[in-house]
Amino acid sequence: MKVTLNRTEFMQELQTVQRAISSKTTIPILTGVKLVLTDKGLTLTGSNADISIETFLSVEKEKVQMKIEQTGAIVLQARFFSEIIRRLPDNTVTLEVIENNQVAITSGKANFTVNGLDADSYPHLPVVESQDRIEVPAHILNKIVNETVFAVSQHESRPILTGVHFVLENKKLLAVATDSHRLSQRVIPLESGDANFNIVIPGKSLTELSRSLTDEEEAIQISIMDNQVLFQTKTMKFYSRLLEGTYPDTNRLIPSSFNTEIEFSVPELLSAIERASLLSHEGRNNIVRLSINEDSVILYGNSPEIGKVEEDLSYEQVSGEPLEISFNPDYMKAALRAFGDTSITIRFISAIRPFTLEPTESQGSFIQLITPVRTN
């Protein structure tokens with residue numbers, strides 16, 4: 001194997017597949033990146049127990065400036081190899097496999113020789129032969145991930161809650177995540193395909209997928225088999241294992257009647273919560289309190305060790321019964337950031353029942369739920 005190519009373009013692909021490579025794996029070869037060179041271009045692969053990423057650099061892509069002298073394959077220690085590529089002096093790099101699986105790396109006046117491993121020893125990626133296949137615009141998938149993944153559980157005590165639940169029925173894709181203290185649910189209509197599925201994808205996989213997608217990507221093909229899902233673009237294949245088990249029925253958690261409603265501008269409310277949480281974070285109890293009356297809405301933050309804050313909030317409209325409710329400001333901040341620059345309606349039942357947040361304009365397609373904190 002011998003190839004010369006643009007170092008920056010190569011580095012981008014290397015960084016993408018590295019998202020799937022863990023130094024803690026029990027299979028030593030999986031700490032490496034697999035390079036396979038054919039007449040059509042260079043394929044890079046990284047994998048761990050949960051995700052596998054394969055990207056392709058085409059010889060026809062002008063920016064890559066690829067010159068192929070001899071095809072072949074090798075596995076190189078990923079972390080060490082990427083550090084070398086990052087620090088090379090020239091814009092181009094030449095990789096050549098020499099005897100005993102060693103690789104000569106040349107760029108400008110710098111010459112490295114590093115030890116590689118036989119590519120035939122690298123585990124094969126899953127073969128996804130699925131009829132359950134849909135296509136989703138990349139920016140839509142990214143949006144769904146960003147609007148839900150923050151609400152997955154970080155605790156392995158209930159593994160199923162560490163993932164996002166995706167259900168496709170009647171050309172409607174529902175994504176929901178909950179850690180049992182909060183919930184975020186998004187529903188989008190899909191224009192094509194007759195597939196139906198009900199799967200749970202690990203939150204960590206979705207975060208890495210979102211980071212791996214570039215602005216250039218237009219559509220993503222999603223294919224599902226027994227315990228794997230494959231996200232495929234023109235130049236990348238991203239495999240993730242699926243979580244086993246039954247996701248709880250979250251529909252019954254979302255209330256349908258309320259006693260108090262208030263409408264806020266998200267950026268203004270987020271700024272106020274951030275100010276109030278400056279003090280609450282310093283205290284033993286990370287709680288802020290919201291007091292709603294028909295003529296005033298006040299936010300309180302209190303830390304006996306540091307001090308307290310009180311702020312009259314700007315709101316667009318309020319209706320219903322007066323209410324005092326306490327909640328975790330971190331949950332509220334994460335929820336608000338998922339909405340972006342818009343107006344939301346928050347609906348309350350009582351001080352001890354979960355409350356909902358929805359965009360004021362398009363209600364029903366995106367809803368979040370936060371459980372209050374009981375204070376005696």
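A: Phenylalanine 10 is in contact (heavy atoms within 4.5 Å) with Leu5, Leu35, Leu42, Leu44, Leu57, Phe81, Ile85, Val93 and Leu95, leaving aside its neighbours within four places in sequence. The model is predicted, so local features need pLDDT of at least 70 and side-chain atom pairs count only at pLDDT 80 or more, while totals for chains, interfaces and linings use all residues. Residues are numbered from 1 along each chain as its sequence is written, and side-chain values use heavy atoms, with hydrogens and water left out.

Phe10 and Leu35 touch the most other members of the largest nonpolar core, which has 96 residues. A nonpolar core is a set of buried Ala, Val, Leu, Ile, Met, Phe, Trp, Tyr and Cys residues joined through side-chain atoms within 4.5 Å. Buried means under 20% relative accessible area, exposed over 50%, and partly exposed in between, with a 1.4 Å probe and protein chains only. Helix 6, residues 329–339, gives the most to this core, with seven residues. Another core lies apart from it, with eight residues, including Ile160, Val200, Leu243 and Leu369.

Helices (H or I, at least four residues) and strands (E, at least two) are DSSP runs, numbered from the N terminus. In helix 6, nine of the 11 residues are buried: Pro329, Tyr331, Met332, Lys333, Ala334, Ala335, Leu336, Ala338 and Phe339. Just after helix 6, glycine 340 takes a positive phi of about 75°.

The protein is divided into domain 1 (2–121), domain 2 (135–251) and domain 3 (255–370), with bounds from an automatic or database domain assignment. The contact between domain 2 and domain 3 takes 11 residues from domain 2 and 10 residues from domain 3. These two domains bury about 970 Å² between them, 56% of it on carbon and sulfur atoms; buried area is the accessible area (1.4 Å probe) that two parts lose on being put together, summed over both. Between domain 2 and domain 3 there are zero salt bridges, a salt bridge being a side-chain nitrogen of Lys or Arg within 4 Å of a carboxyl oxygen of Asp or Glu. On the side of domain 2 that touches domain 3, helix 3 (138–148) and strand 13 (182–189) each supply at least two residues. Strand 13 gives the largest share of that side, six residues.
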